Amino acid sequence: TLFRSLTCYPVGNADAFVIDLDDGQKLIFDYADRRNPEDKNDKRCDLPVELRKDLNGRGYYDVAVFSHLDQDHYDGTTNFFFLEHDKQFQGKVDGKERIKMTEMWVPAAVICEELEEEESKIIQNEARYRLRNKSGILVFSRPDNLKEWLDGEGIDYEEVKHLLIDA
């Protein structure tokens, strides 16, 4: 599949961009809705509005990549994306359907680390749910603690190794 376009969204000192492929697939890398709607001088875009325009009625991304769980890489994710692990994150937001992720890509640290911030824990729960269900996820890098986590969850490494990529 060939690369067609890259769209970077002005979200300030944060990250959010979309790659469109020639075959119609859309990949979003990180999501940081950090705009302050009360501040008329805030130059950051209204990310949910811009992404919905870009999707043009399509209700999903083929891939949503969370490069890591620093807040400027996931801020507002739970108010935009449909999360399979919890019905609380499946209903509409501001009258609009949540956007689905066919596949979620995360580093192994998202699965294994102890996290403090609530929204990062929710994203982690989604990644863990998908890994446990052996569907809709790709985990890149394979540190030893990922194998330890799998063992602790009673998940056979051989059954999920096709979802793990050395990176």
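Two strands count as paired here if DSSP finds at least two bridges between them. Strands themselves (E, at least two residues) and helices (H or I, at least four) are DSSP runs, numbered from the N terminus. The model is a predicted one, so to speak of a local feature takes a pLDDT of at least 70 and a side-chain atom pair counts only at pLDDT 80 or more, while totals for chains, interfaces and linings use all residues. Residues are numbered from 1 along each chain as its sequence is written, and side-chain values use heavy atoms, with hydrogens and water left out.

On one side, E2 runs antiparallel to strand E1 (residues 3-8), and five bridges join the two. Within this pairing, Phe17 of E2 sits opposite Cys8. E2 also pairs with strand E3 (residues 26-29), again in the antiparallel sense, over four bridges. Here Asp20 is found opposite Lys26 in E3. Four residues lie between E2 and E3 in what is a hairpin, and Gly24 in its turn has a positive phi of about 95 degrees.

Now for the charged side chains. Side chains of opposite charge can pair when their charged atoms come close. A salt bridge is taken as a side-chain nitrogen of Lys or Arg within 4 Å of a carboxyl oxygen of Asp or Glu, and the structure holds 14 of them.

One of these joins Arg130 to Glu126, with the closest N and O atoms 2.8 Å apart. Both residues belong to helix H3 (residues 118-132), and because they are four residues apart, about one helical turn separates them. Arg130 and Glu126 are both buried.

Glu153 and Arg132 make another salt bridge, at 2.8 Å from N to O. This pair links distant parts of the chain, 21 residues apart: Arg132 is in helix H3, whereas Glu153 is in the loop between helix H4 (144-152) and helix H5 (157-160). Glu153 has 35% relative accessibility and so counts as partly exposed; Arg132, at 37%, is partly exposed too.

A further salt bridge brings together the side chains of Glu158 and Lys161 (2.8 Å, N to O). Glu158 is partly exposed at 48%, and Lys161 is partly exposed at 40%.

How values were computed. Buried means under 20% relative accessible area, exposed over 50%, partly exposed in between (1.4 Å probe, protein chains only).
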